[in-house]
Amino acid sequence: MSKARIILPIEGMSCASCAATVQEALAGADGVVGATVNFATAKAAVDYDDSQTHVAELIRTVRSAGYNCGKASVTFTVEQLHYAASVLPLEQALARAKGVIRAVANQATETVTVDYVPGVTTGEELERAVEQAGFKVAAPIAAEDPLERERLARAQEIRTLTWKLVLAGVATVVAMAGAMLLMADRPMDSFKRFDLLGRLLMPAALKLWAIVSARTTIDLFWVKVALAVLTLPVVAWSGQQFYKGTWSGFKHRTADMNTLIGVGTGAAYLYSLVATFAPDVFAAAGLQADVYYEAVSAIIALILLGRLLEARARGRTSAAIRHLAGLRAKAAHVVREGREVAIPVEEVVPGDLVIVKPGEKIPVDGVVTEGASAVDESMLTGEPLPVAKKIGDEVIGATVNRSGSVTFRATRVGKDTALAQIVQLVEDAQATKAPIQRLADQVAGVFVPIVLAIAIAAFVVWFDVGPQPALVFSTVALVTVLIIACPCALGLATPTAILVATGRAAEHGILIRSGEALERLSKVRTVLLDKTGTITEGKPTVTHIVTAKRPDGTSLSPAEVLKWAASVEHRSEHPLADAIVRAAHEKAVDILLVDKFAAMEGRGVRGTVERRIIEVISLRHARERSLELGTLGQDADRLAREGRSPVIVVVNNTVYAVIAISDPIKPTAKAAIAHLRKMGIKVMMVSGDSKKGAAAVAKEVGIDEVVAEVLPSQKADFVKKLQRQGRNVAMVGDGLNDAPALAQADVGIAIGTGTDVAMEASDVTLIRGDLRGVVTALQLSKRALRTIRENLVWAFIYNVVGIPIAAGALYPFFGVLLSPVLASAAMAWSSLSVVLNSLTLRRFKPAWAT
């Protein structure tokens with residue numbers, strides 16, 4: 001099984017019921033392992049077996065459910081295609097590229113047209129596919145920017161909604177005046193409608209009737225005809241998406257928000273047409289031929305107003321991701337054939353020498369080869385002060401070079417840069433759902449059929465037992481129930497909050513990988529901190545080398561000890577090993593070849609150097625083996641009490657020296673830990689270091705409970721122990737030795753720096769190594785979950801209370817029915833209020849932000 005994942009942009013969804021329909025269709029398709037559809041982002045995350053299905057099949061599944069999938073096309077020229085024996089290998093190679101829907105090659109024009117899913121594939125990937133087929137593109141392929149495409153689509157949607165609203169609004173004002181004339185024709189009868197809006201407008205209707213009737217003779221038939229003609233463009237154009245959606249739902253045996261609006265307004269308009277052109281039908285039954293043209297126009301206008309405001313608000317929910325993507329540089333200065341040339345950033349390739357002058361953005365990731373500077377990385381990491389860069393240091397694309405000119409060698413370009421991976425991580429997180437949304441999804445899946453059943457039941461009850469005119473009362477109840485019901489609020493309650501929260505977190509240098517991780521993070525009550533690289537800087541330095549005495553009473557040379565230790569440690573990736581190797585370089589000590597290297601998990605390393613077995617091990621392991629430490633044991637204990645990490649150098653099973661390594665504590669660690677405790681969170685240190693060394697660091701930063709001298713696997717066991725006690729645990733570590741514990745914890749928080757941020761496999765990644773990011777992440781997650789609960793409570797209460805009122809629950813007590821027009825205003829506000837409440841998360845600031 002070859003598992004793949006793709007994010008598909010879904011078009012045509014209008015409510016949570018639509019999302020449930022698409023999700024059910026995709027989940028049931030052949031080869032699909034799992035599918036999640038997010039209504040707020042209009043995207044579907046699909047996990048599938050690419051040996052059983054293809055992107056084109058997934059899109060056909062979406063279309064068969066009555067919706068569409070966003071796609072883009074690009075046409076490019078392929079050199080020498082005219083002379084190819086067949087274009088089939090080229091088309092097949094392109095079709096295998098991720099996100100490609102269809103590829104068609106034309107030998108006559110030497111061009112290829114590719115339909116693809118925006119954001120899934122890139123121009124570079126299409127070029128590689130062409131080269132794998134044995135061809136070459138004539139010019140770089142410029143694939144469409146998915147974020148720019150989304151921005152343009154949103155702008156087009158807002159423009160269209162605005163013009164439709166203008167038409168419906170003008171028609172509503174005119175139709176309302178005409179409706180007042182009809183209401184005032186028989187003042188007493190008009191009160192029999194007993195809808196709330198009718199009562200409010202009746203005094204104005206009587207005044208209008210008096211003014212108009214005093215000046216001219218009114219033929220009410222032609223007033224009705226004029227209203228019918230005036231309402232027709234509102235129905236045919238302003239509200240066409242509702243009726244198209246209703247018809248599509250009928251064809252595919254589904255129902256959504258469009259069904260409720262389309263059936264409600266359609267029934268009112270058809271009822272009014274019959275009352276206008278065939279009033280005898282009502283006269284025969286002894287009924288008043290009332291019309292509802294103004295209600296149809298007003299309902300459509302108010303719903304369009306709600307959707308317009310909602311579209312604008314939803315556009316603001318993804319502002320953070322657009323801001324991040326907008327940080328990319330547009331051009332780069334590279335050295336080509338010995339000359340400096342300016343090229344688009346898309347044309348930079350790994351290995352290029354890139355020149356960046358003061359004030360310019362660094363275009364891609366790389367390593368400095370010449371010069372020195374200070375780089376502002378605040379836009380990605382939140383670090384307020386510029387970071388010094390010299391030869392050998394990494395630089396990150398989209399950061400700003402503040403001072404000197406530097407030259408660096410490009411290492412990561414395009415979608416492999418840190419910025420591109422951060423954007424992708426945030427987009428992936430925003431396409432997911434939180435477990436708290438499951439109930440809302442279940443309700444949304446059956447919501448529309450239930451509302452249709454309630455509407456029909458209300459019609460029947462009012463028609464059978466309601467007062468006269470029964471048909472009028474029953475029609476008002478039917479339309480009002482259909483209009484007021486709103487599954488949109490249920491569908492938007494969770495994803496809009498996740499959308500804003502994950503974007504806001506990214507702006508603070510925190511990458512939250514999914515909605516589920518965000519929810520689990522909000523429940524954390526215990527935080528475990530690794531020591532090295534988490535509480536401390538992770539840049540240890542050798543401070544002492546204490547050597548043993550030879551049999552003749554002389555001491556060993558520290559340089560000789562350092563030579564043996566560094567020769568073995570240079571094969572290790574542990575931070576302490578790096579300190580020893582760095583010390584050897586600084587003292588110009590030769591590093592020798594090592595044979596039979598072995599890493600002993602949590603204990604140290606071993607290797608053969610110059611036919612000697614050299615071991616660099618922990619003090620604990622030395623004592624477990626009962627090695628003779630002599631006075632070095634006392635030295636090691638003293639150094640550990642001082643907060644240093646002692647390691648033992650053993651040559652041929654004889655202890656030769658103690659090397660003390662110090663790792664400075666991060667300046668913000670103590671404040672972050674104090675804030676966690678203030679929040680009521682239990683903070684513990686879990687370290688592989690000696691008990692005395694770990695205790696010294698813990699005391700300095702204010703941690704009371706320390707678990708020291710544990711192996712990586714034992715850290716995971718300790719997490720399990722706490723979980724069995726019912727605690728929700730977050731593990732914070734550097735992602736190297738802490739991987740088992742990060743995976744076991746309810747939430748794994750990895751400390752990332754620079755270009756390795758997207759390589760962490762944790763639930764949360766802190767781009768900066770600042771522990772205050774843990775506090776920020778916890779605060780933001782709690783605020784986000786509170787917002788989600790508020791949204792869900794409002795959405796459920798609105799529908800639970802609003803639908804009975806629309807069905808006529810107030811009539812027995814107050815003698816009024818809710819007007820369909822007021823119902824449409826309430827419906828528009830219900831979904832808009834959820835989005836606006838989620839947008840309050842944009843104002844979130846960390847506790848120490850000024």
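## Overview

The structure is a predicted model. The protein chain contains 32 helices and 30 strands. Of its 850 residues, 53% count as buried. Among the contacts in the chain with a separation of 6 or more, 71% are accounted for by residues 24 or more positions apart.

## Helix α32

Helix α32 covers residues 820–839. At 1.5 Å a residue, its 20 residues should span 28 Å, and its end C-alpha atoms are 29 Å apart, which agrees with that expectation. Of the 20 residues of α32, 14 are buried, so this helix is largely enclosed by the rest of the structure.

Helix α10 is formed by residues 257–277, and helix α17 by residues 470–484. The two pack at an angle of about 155°, with their axes 7 Å apart. Because angles over 145 degrees count as roughly antiparallel, α10 is roughly antiparallel to α17. Their crossing is left-handed. On the side of α10, the contact is made by Leu260, Ile261, Val263, Gly264, Thr265, Ala268 and Tyr271. On the side of α17, Leu471, Val472, Thr475, Val479, Leu482 and Ile483 take part. The residues of this contact divide into ten nonpolar, three polar and no charged.

Helix α17 also packs with α32: their axes come within 8 Å and cross at roughly 10°. Because angles under 35 degrees count as roughly parallel, α17 is roughly parallel to α32. The contact is made by Val476, Val479, Thr480, Ile483 and Ile484 of α17, together with Pro820, Ala823, Ser824 and Met827 of α32.

The spacing of some contact residues can be read with a general rule in mind. An α-helix has 3.6 residues a turn, so residues three or four places apart point the same way. In α17, the contact with α32 includes Val476, Val479 and Ile483. In α32, the residues facing α17 include Pro820, Ala823 and Met827.

Which residues does alanine 313 touch, not counting residues up to four places away in sequence? They are Val835, Leu836 and Leu839. Alanine 313 is found in helix α12, which covers residues 293–317. At 1% relative accessibility, alanine 313 counts as buried. Alanine 313 and leucine 832 are 519 residues apart in sequence, and their C-alpha atoms are 7.9 Å apart in space.

Threonine 496 lies in helix α19, formed by residues 495–507. This threonine is buried, with a relative accessible area of 1%. Not counting residues up to four places away in sequence, threonine 496 touches Ala40, Asn791, Val834, Val835 and Ser838.

Tryptophan 794 is found in helix α30, residues 772–807. With 31% relative accessibility, tryptophan 794 counts as partly exposed. Leaving out residues up to four places away in sequence, tryptophan 794 touches Trp829, Ser830, Ser833 and Val834. Tryptophan 794 and valine 834 are 40 residues apart in sequence and 7.9 Å apart in space, C-alpha to C-alpha.

## Residues in strands and a loop

Threonine 547 has its place in strand β20, residues 541–547. Is threonine 547 buried or exposed? At 16% relative accessibility, threonine 547 counts as buried, because the cut-off for buried is under 20%. Apart from neighbours within four places in sequence, threonine 547 is in contact with Ser555, Leu556, Ser557, Pro558, Val561, Leu632, Tyr656 and Ala657.

Most residues other than glycine have a negative phi. Lysine 596, however, has a positive phi of about 55° although it is not a glycine. Arginine 611 has a phi near 65°, a positive value in a residue other than glycine. Lysine 596 is found in strand β21, residues 595–600, whereas arginine 611 is found in the loop between β22 (604–609) and β23 (612–618). The following table lists accessibility for these two residues.

| Residue | Relative accessible area | Class |
|---|---|---|
| Lysine 596 | 72% | exposed |
| Arginine 611 | 82% | exposed |

Terms used:
Residues are numbered from 1 along each chain as its sequence is written. This is a predicted model: local features need pLDDT of at least 70, side-chain atom pairs count only at pLDDT 80 or more; totals for chains, interfaces and linings use all residues. Side-chain values use heavy atoms; hydrogens and water are left out. Helices (H or I, at least four residues) and strands (E, at least two) are DSSP runs, numbered from the N terminus. The expected span of a helix is 1.5 Å times one less than its number of residues. Buried means under 20% relative accessible area, exposed over 50%, partly exposed in between (1.4 Å probe, protein chains only). Axes are lines fitted to C-alpha atoms, for helices over the stretch in contact, and angles run from 0 to 180 degrees between N-to-C directions. Angles under 35 degrees count as roughly parallel, over 145 as roughly antiparallel, 65 to 115 as roughly perpendicular and the rest as oblique. A crossing is left-handed if the near helix is turned anticlockwise from the far one by less than a right angle, and right-handed if clockwise. Contact means heavy atoms within 4.5 Å. Ala, Val, Leu, Ile, Met, Phe, Trp, Tyr, Cys and Pro count as nonpolar, Asp, Glu, Lys and Arg as charged, and the others, Gly among them, as polar.
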